[in-house]
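Dear colleague,

Please read them alongside the coordinates.

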Amino acid sequence: MESQNLSQRGTWGSKAAFIFAATGSAIGLGNIWRFPMVVGENGGAVFVFVYILAVALIGFSVMLAELVIGRHAQKNPVGAIDSIKPRSPWKSIGYLGMITGIAILSYYAVLAGMLAGYFVKMISGAFRGNVTSQMTEQTFTDFSSNPFLVLFFFAVVLFITAYIISKGVKGGIERYTKVLMPILFVLIIFLAIRALTLPGAGEGIKFYLSPDFSKLNFKIVFFALGQAFFSLSLGMGTMITYGSYINKKDNLVSSAGWVSFSDTLIALLAGLIIFPTLFAIPGISPDSGPSLVFKVFPLIFSKLPGGQIFGMLFFLLLLVAAITSTISLLEVPVAYFVDERKWSRTKAAVLMGLCAALLGIPSALSWGGVKFLTKFEFWAKIDLIFGNIALAFGALLICLFVGWVWGVKKAIAEIKSGGKKFTIRHIWIFSIKYLSPIAILFILIKIIIG
Ligand code: TRP
């Protein structure tokens, strides 16, 4: 039964393939666009410190919990939870995740589209000659407030995402990530070295890495936690779904560890590019929000010989990293409709892609294209509700489900299957039963009641 199930649904070609796909999901705009943005808006180093704690103490445990549910049940989130606890309301975790996934995809694809636009800009030589911060600001404003361009690139990204998803998890995701992610990594290291050696980079390093704990407050903790879930692709079933394709022989603990580690490393490196550059070339404020990276990256390219080429390569690879993430967002509802409703992958991909497209239109127009949507900051509201609150709520439910409903004993048996060791199990049990749910609940209540 089990092997039949496996062969019908498809599994990753190897453990490495799963790692690449899961890291591909985790690493994306969350690391390179969203992380520097929230660091800049929340006081710099203090935020970074809380963020690292959130990943180590909560994010990693939740990731392992999601992977365990997925691999145990070998199903989409709704089906997985239903097979562990039949006909219980807990499977709403899966439905909530599907809605959250579509909502995040809707504005995420808008941003990914803008990167595609920047790639084209780089090719056409928009940032040639002496690049100043006024110039990068102007370029961004002109571009993002052009509704036709933004909608066009948004549609292209959604189309590519739905196309790859319709081809299936194995053929679709594995092939691209294997080669391109390592190149992105090398390029990021290279850019960080350049940024760190700019004259005047010191102030930026200080802002980014030397925490002033008197600035610590609840808002910082809330956004750090939300950012951890967002960046690790947690709280909406992505890792349940990806876990469902993992082979029984693979080690879940080291997989979760590797994905969390590499995701955090890339985010930290992105900050090492942005903040030194920002302080070395004055004119852009660290709290300039969502436009931050669009304004700062062209500056660092202008400080490199052959910067055009680096810029092109960078935006292209970042676009690929974004698409391996949009794929994982769309895969959750698609896996549900394929497993539970027997839809074809293509039908599910097209229909779910269309839902994201519709919801994404107001987000696309809230970057300057339409006045009242821009003033209302439509995309930022969706990001707050789904990218922070819904993910945290989903993660809370996953902790409660694994820690108290399914039970850590059964989860640990699954983790240990095939004779694997699980030496840090006591820490994990403590985190999943007590620390994570209590911390998340406390922070959510505090944020919602103010
Ligand atoms: N983690 C991705 C990033 O950092 C975005 C993402 C993909 C995501 N799948 C997710 C976020 C699921 C939350 C939940 O860019």
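Helix α3 (residues 29–41) and helix α14 (residues 292–302) pack with their axes 9 Å apart and at an angle of about 110°, where axes are lines fitted to C-alpha atoms, for helices over the stretch in contact, and angles run from 0 to 180 degrees between N-to-C directions. The two helices, α3 and α14, are therefore roughly perpendicular to each other, a class that takes in angles of 65 to 115 degrees, while those under 35 count as roughly parallel, those over 145 as roughly antiparallel and the rest as oblique. On the α3 side the contact (heavy atoms within 4.5 Å) is made by Ile32, Trp33, Pro36 and Met37, and on the α14 side by Leu292, Val293, Phe294 and Phe297.

This is a predicted model, in which local features need pLDDT of at least 70 and side-chain atom pairs count only at pLDDT 80 or more, whereas totals for chains, interfaces and linings use all residues. Residues are numbered from 1 along each chain as its sequence is written, and side-chain values use heavy atoms, with hydrogens and water left out. Helices (H or I, at least four residues) and strands (E, at least two) are DSSP runs, numbered from the N terminus.

The whole structure contains six salt bridges, each being a side-chain nitrogen of Lys or Arg within 4 Å of a carboxyl oxygen of Asp or Glu. One of them joins arginine 34 to aspartate 383, with the closest N and O atoms 3.1 Å apart; arginine 34 belongs to helix α3 and aspartate 383 to helix α18 (residues 378–415), 349 residues apart. Both arginine 34 and aspartate 383 are buried, which is to say under 20% relative accessible area, with exposed meaning over 50% and partly exposed in between (1.4 Å probe, protein chains only).

A further salt bridge brings together lysine 248 and glutamate 414 (3.0 Å, N to O). Lysine 248 sits in the loop between α12 (238–243) and α13 (252–280) and glutamate 414 in helix α18, so the pair ties together parts 166 residues apart in sequence. Glutamate 414 is buried, at 7% relative accessible area, and Arg71, Lys248 and Glu414 are linked in a network of salt bridges. Lysine 91 and aspartate 82 also form a salt bridge, the closest N and O atoms being 3.7 Å apart; lysine 91 is partly exposed at 22%, and aspartate 82 is likewise partly exposed at 25%.

Finally, the buried residues of helix α10 (residues 202–209) are Gly204, Phe207 and Tyr208, and what covers them includes α3, α4 (45–73) and α13.

Best regards
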